[in-house]
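Hi,

Here is the structure I promised to pass on. Have a look at it first, then read my notes below.

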Amino acid sequence: MPVTKISLSAEAGVDQYTLINQQKTLAVMVLNYGGTITHILTPDKSGHIRDVVLGFDNYEGYLNSANPFFGALVGRYANRIGLGKFTIDGEEYQVPINNTPNALHGGIKGFDKKIWDVEVVSESPAAIRLTYVSEDGEEGYPGKLTTYVTYTVTDANELEVEYEAVTDKSTVLNLTNHTYFNLAGVELDPKILDTEVTMNGVKGFLEVDDNCLPTGKVIPVADVNPMDFTGSNAGKTIGSRVNDVQGGGYDHPYVIHDTFVLDTTGLPMQKDVFVAHAPQTGITLSMATTEPGFQFYTGKGIAENVFTGKKSQNNAPGIGPFSGFCLETSRNPDAPNHENWRPSVLLTPGEQYKGKTIYSFGVKL
């Protein structure tokens, strides 16, 4: 069966869904807890199946307070809101500060810690649709918000992630997935520093202050060599210049386009925006998205000596800083507090929030 379901905790109501394509060259496992991607299984250049994401074998692992959003759906507001404050129709809202001095990834108990309803929408291709209703006032956000996320595994070795949401009251919204990729598989290399990266079609990156908040300025990548993975810097490894990056690791919002709308699916799909290759396994990852940007995060904040690999990763030790990288496609950080960005995150009754991202897996021999 292309879509299967098992119970991980009957008491907590936690189930795991496995989506497999027809060729059995891509399998993705998803929890209804947090909409969390727990495993992505794909063959390497020798035909060996590798699990290329960080996470846990059991549901309880995701309850660890040190869990840095492994594989989770993030909302209501992915990334940061400065001081946890924003204003809608003249009314100021204060949401929890959980990344001093900012609000981060939806608050204390965001979408990553909720049980989502799941419906199998297709067996060919394998697809499930997750639904979560966030009540008015949850984590301080206004409006009863209904969010839908569809995961699809295709015969082209793609994982498609589609986001939709509607509200009954004006609110702010920014959705993403927080999967950490390690294309070598942590059993071969617990760090991603040798992963080669190429970026295509990026306009630059957002300048951020010491609190990781954007100043509003877009800096061309060519102006800051360590941030540039285009042209002559295409294919550079993550580790080659990571120590020269502000903050000692990549945690920066890259800009793809400057069209700030609620429904980005009507815009052209930006293909091969980010392409990664692990020489150890030959596994490649190419990302396409309709979103205006993505946060490239190389996991500097992953706790040291707390996590190990899953059974599919031979319970490998050594997971910690730089064990995985994230590609958080989304709207801009702190967009509610930047007038020109607000139209992409301010959702009102009768409107739809939409976005789509595709992760394509392959092998380079």
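Where is His178 found? His178 sits in the loop between β16 and β17; strands here are DSSP runs of E with at least two residues, numbered from the N terminus. Before going on, keep in mind that this is a predicted model, where local features need pLDDT of at least 70, side-chain atom pairs count only at pLDDT 80 or more, and totals for chains, interfaces and linings use all residues. Residues are numbered from 1 along each chain as its sequence is written, and side-chain values use heavy atoms, with hydrogens and water left out.

**The active site**

The unreviewed UniProt entry puts the feature "active site" at His178 and Glu328. (UniProt positions are in the numbering used here, feature names are shortened, and annotations may be inferred rather than shown by experiment.) These residues span 151 residues in sequence, yet no two of their C-alpha atoms are more than 6.0 Å apart, so they gather at one spot. Both His178 and Glu328 belong to the lining of the largest pocket. A pocket, on a 1 Å grid over the protein atoms alone, is an open set of points with protein on both sides within 12 Å along at least five of seven lines, and lining residues have an atom within 4 Å of a point.

Is His178 buried or exposed? His178 is buried, at a relative accessible area of 3%; buried means under 20%, exposed over 50%, and partly exposed in between, using a 1.4 Å probe and protein chains only. Glu328, in strand β25 (residues 326–330), is buried too, with 4% relative accessibility. Not counting residues up to four places away in sequence, Glu328 touches His105, Asn177, His178 and Tyr297, among others. A contact here means heavy atoms within 4.5 Å.

**The binding site**

For "binding site", the unreviewed UniProt entry lists Asn79, Arg80, His178, Thr179, Tyr180 and Asp251. From this set, Asn79 is in the lining of the largest cavity, a cavity being a set of grid points where a 1.4 Å probe fits but cannot get out. You'll find Asn79 in the loop between β6 (73–74) and β7 (80–81), and Asn79 is buried at 5% relative accessible area. The side chains of Asn79 and Arg80 make a polar contact (3.3 Å). That term means a pair of N or O atoms within 3.5 Å; within protein, one must be able to donate a hydrogen and the other to accept it, and residues adjacent in sequence count only if both atoms are side-chain atoms.

Tyr180 lies in the loop between β16 (176–177) and β17 (196–199) and is buried, with a relative accessible area of 1%. A polar atom of the Tyr180 side chain lies 2.7 Å from the backbone oxygen of Pro68. Leaving aside neighbours within four places in sequence, Tyr180 has contacts that include Val52, Phe69, Tyr297 and Cys326.

**Strands to trace**

β11 (residues 117–123) runs antiparallel to β12, joined by 6 bridges; two strands pair if DSSP finds at least two bridges between them. β11 and β12 form a hairpin with 2 residues between them, and Val118 stands opposite Leu130 in β12. β12 also pairs in the antiparallel sense with β13 (residues 145–153), over 9 bridges. Which residue in β13 is the bridge partner of Tyr132? That partner is Thr147.

Cheers

Key
Helix = DSSP H or I, 4+ residues; strand = E, 2+ residues; numbered from the N terminus.
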